[in-house]
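Here is a short briefing on one protein model. Keep the sequence and the 3D view open while you read.

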Amino acid sequence: MSHFTAEEKTHFKEHGYVIKHDLLRQELIDNAIDVLWQHIEANRDNPDTWTNAGPSGNLPCSDHPDIIATLHDTPIYDHVGELAGKDKLTPPGRPLCKMNYPTGNDPEDWEAPPRGHLDGYITDGVASTFTVGATVNISDIKPRGGGFTVWPGTHLRVAEYFKTHSLLTGWDINRNEIPELADLPEPVECAGPPGTVVFWHHYMLHRAGINCQRDIRMAFVSRFNFKNLRQIQFDLPHDLWGQWEGLS
Ligand SMILES: O=C(O)CCC(=O)C(=O)O
């Protein structure tokens, strides 16, 4: 059975991401949310405590069976496999639990974030990248509610850049020092109910949006790798889709 239509695959290639809905059963979502609340420094029953709550960074519960189930007991890996080729990928790991707490600002005052970042380039001279990202909405994420945000088409511009600049200079992109990426398209904020999943190319500029709603934005991010990624990563900008069984 195919998970993606031809149009969805084309959308992924052209825009660098594709959104699917209803990929998680409600029971998986409810169980995961119960686990998350054991780690959030706020009172689940008092929304007044959710603004600027903590902790910052990923919650330390990626190893919990109910969190792992949101990836392993769902068709997410099959979807990624249909794009990149399941036999070519390492097995799924553990989701990163990413909360985005309300800022306390009014939705009317919301502004789109100015730019996103590229994962895997966290310091000068290092490229530690991946292949496909999957961001899963665990809470009901309203527009302006801190949803995962992508800059469509930036994967193609980043690939162009890496054709003439080493991957080891990727940190310059995150430092916003690249004229080729100075003028970005309008970002897309991936709001949507629990079970909405954004599949995205690893060269996409992205980040969490700004949460001007009342609810805590709960999302999980998983990253998937080609088994031979370390051998081929420097070649990928020159042949962006050749390795992707479902897209080449
Ligand atoms: O929390 C988010 O929506 C974005 C996460 C992110 O930027 C990342 O995983 O690199």
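## Briefing: core, strands, helices and ligand

Tyr17 touches Phe12, Val150, Val198, Phe199, Trp200, His201 and Met204, leaving aside residues up to four places away in sequence. Contact here means that the C-beta atoms of two residues, placed from the backbone, lie within 7 Å. The model is predicted: local features need pLDDT of at least 70, side-chain atom pairs count only at pLDDT 80 or more, and totals for chains, interfaces and linings use all residues. Residues are numbered from 1 along each chain as its sequence is written.

**The core**

- The largest nonpolar core has 51 residues. Tyr17, Val80, Val198 and Phe199 have the most contacts inside it.
- Such a core is a set of buried Ala, Val, Leu, Ile, Met, Phe, Trp, Tyr and Cys residues joined through C-beta atoms within 7 Å.
- A residue is buried if 20 or more other C-beta atoms lie within 10 Å of its own, exposed if 12 or fewer, and partly exposed in between; C-beta atoms are placed from the backbone.
- In soluble globular proteins, nonpolar side chains tend to be buried together.

**Strand β3**

- Helices (H or I, at least four residues) and strands (E, at least two) are DSSP runs, numbered from the N terminus.
- Six of the six residues of β3 (residues 132-137) are buried, so this strand is largely enclosed by the rest of the structure.
- Val132, Ala134 and Val136 point one way from β3, while Gly133, Thr135 and Asn137 point the other way.
- Strands pair if DSSP finds at least two bridges between them.
- β3 runs antiparallel to β6 (residues 197-201), with five bridges joining the two. Gly133 stands opposite Trp200 in β6.
- β3 also runs antiparallel to β8, joined by six bridges. Asn137 has Ala219 in β8 as its bridge partner.

**A sheet of three strands**

- An open sheet has the order β5-β4-β7, with antiparallel pairing. β5 (188-189) and β7 (206-208) stand at the edges, each with a single partner strand, so one side of each is left without a neighbour in the sheet.
- Three bridges link β4 (residues 148-150) to β7. One pairs Thr149 with Arg207 in β7.

**Helices**

- In α3 (residues 65-72), Ile67, Thr70 and Leu71 are buried. Seen down the axis of α3, its buried residues fall within an arc of 95°, so they line one face of the helix. The arc is that of the directions from the helix axis to the C-beta atoms.
- The buried residues of α3 pack against α2 (26-37), α4 (76-84), β2, β3 and β8.
- The buried residues of α5 (residues 154-164) are Thr154, His155, Arg157, Val158, Tyr161 and Phe162. They cover an arc of only 160° around the axis, which puts them on the same side of α5.
- Lys163 and Thr164 are exposed, on the face of α5 turned away from its buried side.
- Glu14 belongs to α1 (residues 6-15). Glu14 is exposed, with 12 other C-beta atoms within 10 Å.

**Around the ligand**

- The shell is Lys98, Asn100, Asp119, Thr135, Phe148, His206, Arg207, Ala208, Ala219 and Val221.

Terms used:
A residue is near a molecule or strand if its C-beta atom, placed from the backbone, lies within 6 Å of it.
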